[in-house]
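These are my notebook entries on how the chains of one assembly meet. I looked up the interfaces in turn and recorded the values with their cut-offs.

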Amino acid sequence: MRQFFAFVAKEFRHIFRDRLTTAILLGLPILMLFLFGFAITTEVKNIRLAVYAPAPDDATRAIVDRLAANDYFILSRTLADPSQIQDVFARGEVGLAVVFSENFQEEMLHTGAAQVELIADGTDPNTAKTLVNYAQNIIAGYQQELLRDASVPFLIIPEVKLLYNPSMKGAYNFVPGVMGMILLLVCAMMTSISIAREKETGTMEVLLVSPVRPLQIILAKTVPYFVISVIDLATILLMAVYVLGVPIAGSLALLIGTALIYIFMSLALGILISSIANTQSTALLISGMAMMLPVIMLSGMIFPIETMPWPLQWLSQAVPAKWFIAAVRKIMIRGLDFESVRKELAVLSGMAVFLIAASLKRHRTRLE
Amino acid sequence: MLRYLLEKEFKQFGRNKFLPRMVFMFPFVSLLVFPLVANFDVRDMNLSIVDHDHSPMSRRLTQKASASGYFRVTQVADSYERALRGIEDDTADIILEIPSGFERDMVRQRSAAVMIAANTVNGTRGGLGSAYLAGIVNDYAGELRAELMASSGRLVTPSFDIIQRYRFNPHLEYRVFMVPAIMVMLLTMMCGFLPALNIVGEKEKGTIEQMNVTPVRRFEFILAKLIPYWVVGFVALNICFFVAWAFYGLTPVGGVGTIYLFASVFVLAVSGLGLVISNFAKTIQQAMFMMFFFVVTMIFLGGLYTPVASMPDWAQRISDFLPLKYFIIVMRSVYLKGSHVTDMLQPLTALACFAVGLNALAVVSYRKRS
Amino acid sequence: MKVITAHELTKRFGNFTAVDAISFQVEQGEIFGFLGANGAGKTTAMRILCGLSRPTSGVGTVAGFDVSRQPEKVKASIGYMSQKFALYDDLKVWENIRLYAGIYGVPARDIPGCTDEVLRRLDFTDGRNAMVGSLPLGWKQKLAFSVAMVHNPRIVFLDEPTGGVDPAARRQFWELIYQAAESGITIFVTTHYMDEAEYCDRVSILVDGRIQALDTPRALKQQYDAPTMNEVFFALARRAQRGES
């Protein structure tokens, strides 16, 4: 046991002596949370607006005033001619153009044939849809007021409830994803590279002829990364709660338990990769191509799985991070209990057991 | 002298197991797979309906919702609690609850309420979904109003239509948004990062030391490294044009010449960035870490997915320093809107400044002698 | 004629003085051995003379050019072979020769003849299309030496050229060195094989960045009353303060 601790101490010294790597391992979660939490927002605001009204009257002015009074829009141009619409869009000057029909007020009051066109720059589909929806709701509010004045209300009032994330912050969606990615990066990628490095430089041979059992050497390598991943996990959770304002809605114990299963699984994956790779660059390539890429693309961390075509959805079932992220979203964001994450936990535990068994077996046959 | 160095670079490039294949595979794979994966399209949301009213009017509303094309009714629940359980186990994304007495209230009090509850863990999906559903409810109210009014023989009421139109991407396809931006990423990789890795690789192997004792000037050495990747970058860009046309029917509305002009300035800028990285990194691993940092920052702050305009101020200030941001705007404008060079003088100036600044930094930080 | 002169050359990295005021001169056509333990400052000194590293103080000239002020002129007139094999593994033998011939300004129409000449001298005509990465180390080193001489430089710097190969291959390598020296080329070679030191016309022994001895091998053996260069070296190296670095 004393030998084991001597090895662990050696591994810690290795890691902390490489300042750049240490800084990256501990700083990366902070950077990622900042980027995801603050910079990625699906919120739409300060959209510049162009208006074309062939014959300005009280009604068009009322509608334009309502739009401009809102936080979402800034009135930036009043167009003299509809042909200018193409130009202002091409120069990227505005995001939305509001075009009224001729004799708007007259037609509105008497024939009901008046039209207001909302023309959005559709380049970015979601922004376009969101801002058209905002504009439509604002104008619909004006319409309802008109009706109320005319005492002909036939209204259905939709009462909208936004579950789990009422302020619709991007961070709610991304925090679990960042956890899934960082833990895998630290545990699997760094472990596999550091074991491969010892093989490459030949120091592994020296260790193997020492009286320490191979299993102990491998385990000693994983301990520091385990510790770092726990520090990262704590960093992420503390930042999520105190900086990003994402509360832990469910049980903290359950959340930590899930994370531990995932960490063990990732460590096992790292050991497995290192038993295949003999050089650092191979280890880097395998963990990059076979691990980080699927995690970024197929885990649902950034890109929603439900909009992917079925072969990719099917493939995503094999990505451990997908199950982890799904479980964390349920526990942390939605506050659900053990019952509802039973499936995710079962799959993760299964994967962990399988990977630990496989990596032990491979290392035994290769090393002893 | 440059000729011999170029000969060497092209031969090495051709003999590499990985690189030549990548030039051809990368545009195909990234343009075909990436838009499938990075799809934030909000369609086919799973709708759970709780109808307490069971009246003709409430049935018409549920039919309208399911026929809208945005929703797929996956559950008809008898209570809100049951429907909420559907959201918890992810079989439903959004709930429409119609209270009992809906039709009666509509007829007698001329107004009624419905409830919409959406899972907003993914804010875009939840937010847009509930907005669609609210829109459908409003449309339905208008329809009812017209019918009831017509039957009661009332006069025309003040009203107008709101028409939605989307320029440049009328069907709001997400991939149309992604494809031009992916081309930008591709040029960044090929012309910025690959030559940097190549130079760091020569450092690690020690072959650069041999070059340093020859009379080769550093400018020539670096130029010989960059030219092949510029060629490769433009080949890949043209493959991208082809893939975009063949698989998505997407051709630039604006001039291809405009794209080439901006691409060459952009490529100079990212080559400079790559050289700066290669000057500071001693090993490939360090270079990879630095690139990972830049890629992550550029992807998320450069407006690849989310509009720069809606980011917080500090993030917008940072994004001003990312060459990628300007070129993404340019590519989308030329590809979708048909913008001309004269419409985009500001990004052109910015990119030119980056090209000059980054290459100057690269020359200053390069040392042939220690 | 003196082709290399060093006067009080010094290189400091922070507080560490890697090369400490060394002075010596090398004659045209001489084989000059530069000996020292690992970390004694051999490679640093050689890098200064090749124009790869700027001296902190002191003056060095190579082929009549000042190493700190005219490094590019120095580079054009020397050949260099580093201790790490530095030809391109993924280029063929003739392609490597062609590359360096081109870089050193051999006119395009002379390059094929020059390539044939190098291969003939090495007796390696069959191997012209072999990939350099696939060659055994002994061949790689001989090839690297020939490539360093492809432009007929007046001086060739060899940094531990024979590390890691068997005695037979080392012997062959030294035959190439003798051939070159006979044709009037000056050879500046670092090594830590003491039997190789015996082959040199003169050797200098570097300890802790300073030259502790400089003379012909025979004179040094007499001076230290030692039967071999090995023992001369031990007698000097024992005084070293710094260890391996």
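Entry 1, chains B and C. I looked up the buried area between chain B and chain C and noted about 2,800 Å², with 53% of it from carbon and sulfur atoms. Buried area is taken here as the accessible area (1.4 Å probe) that two parts lose on being put together, summed over both. I counted as contact any heavy atoms within 4.5 Å; on that basis chain B gives 25 residues and chain C gives 36 residues.

Before going further I noted the conditions. This is a predicted model, in which local features need pLDDT of at least 70 and side-chain atom pairs count only at pLDDT 80 or more, whereas totals for chains, interfaces and linings use all residues. Residues are numbered from 1 along each chain as its sequence is written, chains are lettered from A and ligands numbered from 1 in the order in which they are written, and side-chain values use heavy atoms, with hydrogens and water left out.

I searched for salt bridges, that is, a side-chain nitrogen of Lys or Arg within 4 Å of a carboxyl oxygen of Asp or Glu. Four of them lie between chain B and chain C. One joins Arg47(C) to Glu209(B), with the closest N and O atoms 2.4 Å apart. I also found 11 residue pairs in polar contact between chain B and chain C, both residues at pLDDT 80 or more. A polar contact is a pair of N or O atoms within 3.5 Å; within protein, one must be able to donate a hydrogen and the other to accept it, and residues adjacent in sequence count only if both atoms are side-chain atoms.

I then asked which elements of chain B give two or more residues to the side that touches chain C. They are helix 1 (2-15), helix 7 (174-205) and helix 8 (207-212) of chain B. Helices (H or I, at least four residues) and strands (E, at least two) are DSSP runs, numbered from the N terminus. Helix 1 of chain B has the largest share, eight residues. The side of chain B that touches chain C divides into seven nonpolar, seven polar and 11 charged residues.

Of the two pairs of chains in contact, I noted that chains A and B share the most contacts. Chain B brings 89 residues to this contact and chain A brings 96 residues. About 8,700 Å² is buried between chain B and chain A, 64% of it on carbon and sulfur atoms. Val121(B), Phe160(B) and Arg167(B) supply 10% of the area that chain B buries against chain A, more than any other three residues.

I recorded four salt bridges between chain B and chain A. Among them, Asp121(A) meets Lys337(B) at 2.8 Å, N to O. Helix 6 (residues 123-152) of chain B gives the largest share of the side that touches chain A, 17 residues.

Strand 5 (residues 155-163) of chain A and strand 4 (residues 111-119) of chain B run parallel and are joined by nine bridges; DSSP must find at least two bridges for two strands to pair. Val160(A) stands opposite Ile116(B).

I found no contact between chain A and chain C, whose nearest C-alpha atoms are 17 Å apart.

Notes. Nonpolar A, V, L, I, M, F, W, Y, C, P; charged D, E, K, R; others polar.
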